[in-house]
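Trainee: I would like to go through this structure and test each label we put on it. Can we take them one by one?

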Amino acid sequence: GTDVAVAVAKTAAELDTQNAKATSEDDKLMIHQLIQQMPGGFEAMNIFVRDTICNALQASHQHYERTFAGLVSELTSRVSDPSRSSMPLPTLLTANQGRELPTKPT
């Protein structure tokens with residue numbers, strides 16, 4: 001999730017399509033020729049790729065924030081449910097205070 005998004009953003013920030021690698025030299029030459037024929041050439045392509053990745057990262061971030069807010073809301077609504085206020089809290093960790101916990105026989 002987040003680690004991948006950060007890695008993609010760092011790569012996009014340093015992107016230079018003119019220095020990008022291709023699987024073969026023929027592919028690289030063909031791609032370079034196509035980009036050079038575009039208005040703005042490599043600089044325009046770099047801006048396009050960065051903008052596209054930035055927009056995708058922002059959409060991903062917004063989705064994460066909405067999902068996170070929904071989960072927090074769901075959790076807090078269950079915690080503050082009035083019908084649960086009279087329920088005792090679990091004593092798993094406090095039940096054995098001052099006593100040793102049982103051990104498994106060896």
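Predicted model: local features only at pLDDT ≥ 70, side-chain atom pairs only at ≥ 80, totals over all residues.

Trainee: What elements does the protein have?

Mentor: It has 3 helices and 0 strands. From the N terminus the order is α-α-α.

Trainee: How do you know that the span of H1 is close to the expected one?

Mentor: Compare the two values. H1 has 12 residues and reaches 16 Å from its first C-alpha to its last. At 1.5 Å a residue, 16 Å is expected. The span is therefore close to expectation.

Trainee: Why is H1 said to lie largely in the open?

Mentor: Count its buried residues. The number is 1 out of 12, so H1 lies largely in the open. Thr-11 lies in this helix. Its relative accessibility is 54%, and exposed means over 50%, so Thr-11 counts as exposed.

Trainee: What is the distance between Thr-11 and Arg-50 in space?

Mentor: It is 9.4 Å, C-alpha to C-alpha. In sequence Thr-11 and Arg-50 are 39 residues apart.

Trainee: Why is Thr-17 called buried?

Mentor: Its relative accessible area is 13%. Buried means under 20%, so Thr-17 qualifies. For the protein, 8% of the 106 residues count as buried.

Trainee: Where is Thr-17 found?

Mentor: In the loop between helix H1 (2-13) and helix H2 (25-37).

Trainee: What makes the pair of Thr-17 and Asn-46 a polar contact?

Mentor: Their side chains are 2.7 Å apart in this contact. The cut-off for a pair of N or O atoms is 3.5 Å, so the distance passes. One atom must also be able to donate a hydrogen and the other to accept it.

Trainee: Which residues is Thr-17 in contact with, leaving aside neighbours within four places in sequence?

Mentor: His-32, Ile-35, Phe-42, Met-45 and Asn-46. Take His-32 and Ile-35 in turn.

Trainee: Is His-32 buried or exposed?

Mentor: His-32 lies in helix H2. Its relative accessibility is 16%, under the 20% limit, so His-32 counts as buried. Beyond its neighbours within four places in sequence, His-32 is in contact with Thr-17, Gln-18 and Phe-42.

Trainee: And why is Ile-35 called buried?

Mentor: Its relative accessible area is 7%, again under 20%, so Ile-35 is buried. Ile-35 is in helix H2. With neighbours within four places left aside, Ile-35 is in contact with Thr-17, Gly-41, Phe-42 and Met-45. Ile-35 and Thr-17 are 18 residues apart in sequence, and their C-alphas are 9.0 Å apart in space.

Trainee: How many aromatic pairs does the structure hold?

Mentor: It holds 1. The ring centres of Tyr-64 and Phe-68 are 5.9 Å apart, within the 6.5 Å limit, so these rings pair.

Trainee: What makes this pair stacked?

Mentor: The planes are at 25°.

Trainee: Why is Tyr-64 called partly exposed?

Mentor: Its relative accessible area is 45%, between the 20% and 50% limits, so Tyr-64 is partly exposed. Phe-68 also has 45%, so Phe-68 is partly exposed as well.

Key. Residues numbered from 1 in each chain as written. Heavy atoms only, no water. Helix = DSSP H or I, 4+ residues; strand = E, 2+ residues; numbered from the N terminus. Buried < 20%, exposed > 50% of the residue type's maximum accessible area, 1.4 Å probe, protein only. Contact = heavy atoms within 4.5 Å. Phe/Tyr/Trp six-rings, centres within 6.5 Å; stacked < 30°, edge-to-face > 60°.
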